[in-house]
Amino acid sequence: MSRCAWTIRPAAPPDAADIVAIVREAFPPELLKLFIYGCSGMARFVAEQIAVQDQGGNAHYTVAMKNDKVVGCAEVRRLPRRRFLGYIAGRPEHRGQGVGGRLLRGALETCDADAAVELALDVL
């Protein structure tokens with residue numbers, strides 16, 4: 001498969017359910033229940049975060065698309081002088097093909113990472 005087959009773009013509110021599903025696929029059920037993506041109502045919360053991401057919201061969601069389907073996602077938080085990578089995830093069948101690197105670059109470009117001094121992340 002060609003690495004150029006993906007489109008990276010800022011997420012839109014209708015992408016929220018796919019974003020939540022992709023993140024949930026990445027964790028076994030016993031871990032998923034320990035963090036926010038295991039909560040009911042999470043798709044609505046993500047949709048609300050996406051709706052305000054360009055009006056001063058601190059969360060910025062980016063998706064990787066292939067054949068008009070969301071196959072990966074990233075969430076970057078805008079903090080003073082820092083950008084924080086909350087998560088990056090992809091559907092299992094698209095892993096190992098370079099989409100993660102493209103998604104991370106796209107997420108940082110679209111969330112004004114040039115204004116940040118550093119990038120931080122948490123590993124679970």
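Mentor: Let us begin with a cut-off: a residue is called buried when its relative accessible area is under 20%, exposed when it is over 50%, and partly exposed in between. Please keep in mind throughout that this is a predicted model.

Trainee: What makes Asp 68 exposed or buried?

Mentor: Asp 68 has a relative accessible area of 75%, and exposed means over 50%, so Asp 68 is exposed. Asp 68 is found in the loop between β2 and β3, and although it is not a glycine, it has a positive phi of about 65°.

Trainee: Why is Ile 22 called buried?

Mentor: The relative accessible area of Ile 22 is 0%, and buried means under 20%, so the word applies. Ile 22 lies in helix α1, where it touches Val 70, Val 71, Gly 72, Cys 73, Ala 89, Gly 90 and Arg 91, not counting residues up to four places away in sequence. Ile 22 and Gly 90 are 68 residues apart in sequence, yet 6.2 Å apart in space, C-alpha to C-alpha.

Trainee: How do you know that His 94 counts as buried?

Mentor: His 94 has 11% relative accessibility, and because the limit for buried is under 20%, His 94 counts as buried. His 94 lies in the loop between β4 and α4, and it touches Trp 6, Lys 66, Val 71 and Val 99, not counting residues up to four places away in sequence.

Trainee: Which residues line the second largest pocket?

Mentor: The lining is made of Ala 26, Ile 88, Ala 89, Gly 90, His 94, Arg 95, Gly 96, Val 99, Gly 100 and Leu 103, around a pocket with a volume of about 180 Å³. By class, this lining has five nonpolar, four polar and one charged residues, and β4 (82-90) and α4 (99-110) each supply at least two residues of it.

Trainee: How do you know that the span of α4 agrees with what its 12 residues should give?

Mentor: At 1.5 Å a residue, the 12 residues of α4 should span 16 Å, and the end C-alpha atoms are 16 Å apart, so the two values agree. In α4, the buried residues are Val 99, Leu 103, Gly 106, Ala 107 and Leu 108, and what covers them includes β1 (7-10), β2 (59-66), β3 (69-79), β4 and β5 (118-121).

Trainee: Which residues touch the most other members of the largest nonpolar core?

Mentor: Of its 20 residues, Ile 19, Tyr 37, Val 46, Tyr 61 and Cys 73 touch the most other members. The elements α1 (16-25), α3 (42-51), β2, β3 and β4 each supply at least two residues of this core, and α1 gives the most, with five residues. Apart from this core lies another, of 11 residues, among them Ala 64, Val 71, Val 76 and Ala 107.

How values were computed. Residues numbered from 1 in each chain as written. Predicted model: local features only at pLDDT ≥ 70, side-chain atom pairs only at ≥ 80, totals over all residues. Heavy atoms only, no water. 1 Å grid on protein atoms, 1.4 Å probe; cavity = no way out; pocket = protein on both sides within 12 Å on 5 of 7 lines; lining within 4 Å. Points joined across faces, edges and corners; volume = space filled by probe spheres on them. Helix = DSSP H or I, 4+ residues; strand = E, 2+ residues; numbered from the N terminus. Nonpolar A, V, L, I, M, F, W, Y, C, P; charged D, E, K, R; others polar. Expected span 1.5 Å × (residues − 1). Buried < 20%, exposed > 50% of the residue type's maximum accessible area, 1.4 Å probe, protein only. Contact = heavy atoms within 4.5 Å. Core = buried A, V, L, I, M, F, W, Y, C linked by side-chain atoms within 4.5 Å.
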